[in-house]
Amino acid sequence: MTHHYAGQRAVLLTQHGKEDLVAPVLRDAVGCRVERFGGFDTDTLGTFARDVPRAGTQLEAARRKARIGMSMSGCALGLGSEGSFGPDPYTGLMPWNVEMLVWIDEALGLEVVGLAQGPARSAHRTVRDGAALRQFAHEAGFPAHQLMLRPNDENDPRIRKGLADEAQLQAAFAWAQALASSGTVFVEHDLRAHCNPTRQQLIRQAAVDLGRKLKSLCPACEAPGFWISAVQGGRLCRDCGAPTRQALKETWSCARCQHQSEQASAGPATADPAHCNLCNP
């Protein structure tokens with residue numbers, strides 16, 4: 001059965017090579033053609049180097065990129081991609097990356113969001129000599145994961161980005177140390193998509209998630225994007241029978257007509273005792 005988006009063109013506003021990650025996934029999922037639109041400097045909307053702060057939330061930033069690409073290209077289908085980095089949501093100790101892809105269909109009046117998250121390569125360190133720099137680079141997965149350097153500390157506006165080989169790294173270190181008032185150099189991962197393979201994997205996963213959602217059609221209006229909008233906990237513990245935090249029911253909603261349906265969550269009928277507050281307080 002031919003999908004609604006088969007053969008249609010969707011624009012992705014990017015200057016960091018994200019089209020190579022997203023286009024094949026969505027082509028295989030729904031048959032659309034994702035094309036890069038590069039007529040706008042996305043760094044003006046915010047950078048991971050902190051020289052330009054991002055305005056608004058991650059979702060707002062992704063939506064803004066999609067809308068800009070649609071407006072400038074005249075395309076009715078737009079994609080916006082935005083990543084964020086911080087501590088993991090479980091222990092708060094591990095660097096974490098959340099990737100978001102927003103699909104906007106002007107004709108159908110719908111917005112669908114693909115998400116993926118996981119451990120990140122987003123480390124940083126202050127170093128004083130070549131040995132410390134080489135140690136950090138080794139731990140950071142350099143040169144596959146590119147680096148950035150600044151004199152002094154993370155707030156210095158002078159920066160060298162996209163360091164992808166040993167010669168570039170050493171030259172940038174000499175430059176930064178010569179400018180540093182204290183002799184220290186701040187080194188960190190370059191988190192732009194084309195510089196960070198770990199992030200690329202999550203962008204690809206976000207595209208897979210988006211493809212699944214676009215393939216799911218509303219039973220009422222047949223619009224793409226019929227997906228889980230809320231989860232109700234309370235699945236009973238296999239051992240003691242008490243309600244747990246595990247999902248019991250799911251609410252599915254249409255992104256276009258707001259039709260909803262409720263169904264039992266997938267998985268076993270009872271919950272593992274590991275998720276029970278009584279069996280495993």
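**Exercise 1.** Is R199 buried or exposed, and which side chain does R199 meet in a salt bridge?

Solution. Start with accessibility: R199 has 3% relative accessibility, so it counts as buried (buried is under 20% relative accessible area, exposed over 50%, partly exposed in between, with a 1.4 Å probe and protein chains only). Next, look for the partner: the side chain of E99 meets R199 in a salt bridge, 2.5 Å from N to O (a salt bridge is a side-chain nitrogen of Lys or Arg within 4 Å of a carboxyl oxygen of Asp or Glu). Then place the two: E99 sits in strand β4 (residues 95–105) and R199 in helix α5 (residues 197–215), 100 residues apart. Helices (H or I, at least four residues) and strands (E, at least two) are DSSP runs, numbered from the N terminus. Last, check E99: at 1% relative accessibility, E99 counts as buried too.

A word on the ground rules: this is a predicted model, where local features need pLDDT of at least 70, side-chain atom pairs count only at pLDDT 80 or more, and totals for chains, interfaces and linings use all residues. Residues are numbered from 1 along each chain as its sequence is written, and side-chain values use heavy atoms, leaving out hydrogens and water.

**Exercise 2.** Find the salt-bridge partners of E82 and D51.

Solution. First, E82 pairs with R54, and their closest N and O atoms are 3.2 Å apart. E82 belongs to strand β3 (residues 77–87) and R54 to the loop between β2 and α2, so this pair ties together parts 28 residues apart in sequence. E82 is buried at 8% relative accessibility, while R54 is partly exposed at 34%. Second, D51 pairs with K161, with 3.4 Å between the closest N and O atoms. That one links the loop between β2 (33–37) and α2 (58–73) to strand β8 (residues 160–163), 110 residues apart. D51 counts as partly exposed at 42%, and K161 does as well at 28%.

**Exercise 3.** Which residues have the most contacts inside the largest nonpolar core?

Solution. Begin with the rule: a nonpolar core is a set of buried Ala, Val, Leu, Ile, Met, Phe, Trp, Tyr and Cys residues joined through side-chain atoms within 4.5 Å. The largest such core has 43 residues, and Y5, V22, L26, L79, W103 and L210 have the most contacts inside it. Then look for a second one: a separate core of 15 residues includes L163, A172, F173 and V187.

**Exercise 4.** What is the volume of the largest pocket, and which residues are closest to its centre?

Solution. On a 1 Å grid over the protein atoms alone, a pocket is an open set of points with protein on both sides within 12 Å along at least five of seven lines, and lining residues have an atom within 4 Å of a point. Grid points are joined across faces, edges and corners, and a volume is the space filled by probe spheres set on the points. The largest pocket comes to about 560 Å³. Of its 30 lining residues, T47, F48, G83, F85 and L191 are the closest to its centre. Finally, ask who supplies the lining: β3 gives the largest share, six residues.

Methods:
1 Å grid on protein atoms, 1.4 Å probe; cavity = no way out; pocket = protein on both sides within 12 Å on 5 of 7 lines; lining within 4 Å.
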